[in-house]
Amino acid sequence: MGNGISASHHSCLATILVTGSNGMLGQDLCPILESANYTVIKTDVAEMDITNGESVESVISTEKPDVVVHCAAYTNVDKAEEDIETARLINAIGTENVAKSCAKNNCIMVYISTDYVFAGNGIEPYKPTDKTAPLNNYGLTKWEGEEAVRKYCEKYYIARTSWLYGIYGKNFVETMISLADKPELKVVDDQIGCPTWTVELSGGILKLLEEKKPYGIYHICGSGVTSWYGFAKTAFELSGIDANLKPCTTDEFPRPAKRPAYSVMDNDGICRDWKDALKDYINLRQKVGK
Ligand SMILES: NC(=O)c1ccc[n+]([C@@H]2O[C@H](COP(=O)([O-])OP(=O)(O)OC[C@H]3O[C@@H](n4cnc5c(N)ncnc54)[C@H](OP(=O)(O)O)[C@@H]3O)[C@@H](O)[C@H]2O)c1
């Protein structure tokens, strides 16, 4: 393979190119892939702007990775309501560019998608084959990205995740901790879902590749269910923070983008219970002095 990796059981999948490597997921995913002995090619907008099809094709055809894990995205859910064109350019057209080059260069494509492809009016956990019906522009453009992957690639994994948090990004846990000294902190209790640590998602992605799971759609999120209020409450308990947390309804806390009320996905046992993962995250953030 010419990359210095010899005779390991996954030597047939030795090189992985990651898009959005400077993002919250990318910064956890890349070292995890490296420690599993893959050669990782890190790209973000400076190295490979996914909205530029020629740039994408040039990088992928030169690097010839075995796998592309496509994490780059427009992730500001509320801003996407007023700026659908930019969201679509990055999430739909950008993903189409990556999908076309993966197909042309015979790479496996892993596309990170979202629970927001679902309407959230279900009563049991969404399965990968369930009907999608995004409620907001972010979810719509990520779904359009999924459609491009399904259209152009044969060898693909669509990995839908939800309520993502990680040490390298702005996320719900850090926002809550930063607001903990407010006299009162109201958090939505009528939207439920599955919090997912970026490290757990990275492990799930690795599992798809190492176990050579059949190509298709997977839900990679924490096991179990909670509300945003329950998520915040547990984060405070695990951190030993005494905050004046109060549950509230979605109506009391209007946001530009609609969110699914029931955002629970069936992860088929791929990840641990969300509370166990959160405990490890809180320990880690304390260890690194956050
Ligand atoms: N965060 C969540 O709660 C959540 C939930 C479900 C699914 N997801 C999905 O999980 C994936 C990772 O999310 P994340 O939270 O790690 O996102 P993130 O922190 O926003 O990282 C995305 C990265 O992509 C880069 N990027 C943006 N436009 C690009 C372009 N044109 N070309 C190349 N790179 C570009 C961003 O750079 P800039 O920062 O410079 O723009 C950033 O480094 C995304 O696909 C997201 O849709 C996230």
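Here are some notes on the model above, point by point.

1. First, the ground rules. This is a predicted model, so to speak with its own cut-offs: local features need pLDDT of at least 70, side-chain atom pairs count only at pLDDT 80 or more, and totals for chains, interfaces and linings use all residues. Residues are numbered from 1 along each chain as its sequence is written.

2. Overall build. The protein has nine helices and 13 strands (DSSP runs, H or I of at least four residues for helices and E of at least two for strands, numbered from the N terminus). Its C-alpha trace spans about 60 × 40 × 35 Å along the principal axes. A compact globule of 290 residues would have a radius of gyration near 19 Å, and the protein agrees, with 19 Å (taken over C-alpha atoms; the rule is 2.2 Å times the number of residues to the power 0.38).

3. Among contacts with a separation of 6 or more, 82% link residues 24 or more positions apart; a contact here is two C-beta atoms, placed from the backbone, within 7 Å.

4. The core. The largest nonpolar core holds 82 residues, and Val68, Val69, Met109, Val110 and Ala159 have the most contacts inside it. Helix α4 (residues 84–104) gives the most to this core, six residues. A core is a set of buried Ala, Val, Leu, Ile, Met, Phe, Trp, Tyr and Cys residues joined through C-beta atoms within 7 Å.

5. The ligand shell. There are 26 residues around the ligand, and Gly20, Gly23, Leu25, Ala72 and Ala73 come nearest (near means a C-beta atom, placed from the backbone, within 6 Å). α1 (24–35), α4 and β4 (108–114) each supply at least two shell residues, with the largest share, three, from α1. By class, the shell has 11 nonpolar, 12 polar and three charged residues.

6. Three strands form an open, mixed sheet in the order β11-β8-β13. β11 (226–227) and β13 (262–263) are at the edges with a single partner strand each, so one side of each has no neighbour in the sheet. Strand β8 (residues 192–193) runs parallel to β13, joined by two bridges; pairing takes at least two DSSP bridges. Ile192 has Tyr262 of β13 as its bridge partner.

Conventions. A residue is buried if 20 or more other C-beta atoms lie within 10 Å of its own, exposed if 12 or fewer, and partly exposed in between; C-beta atoms are placed from the backbone. Ala, Val, Leu, Ile, Met, Phe, Trp, Tyr, Cys and Pro count as nonpolar, Asp, Glu, Lys and Arg as charged, and the others, Gly among them, as polar.
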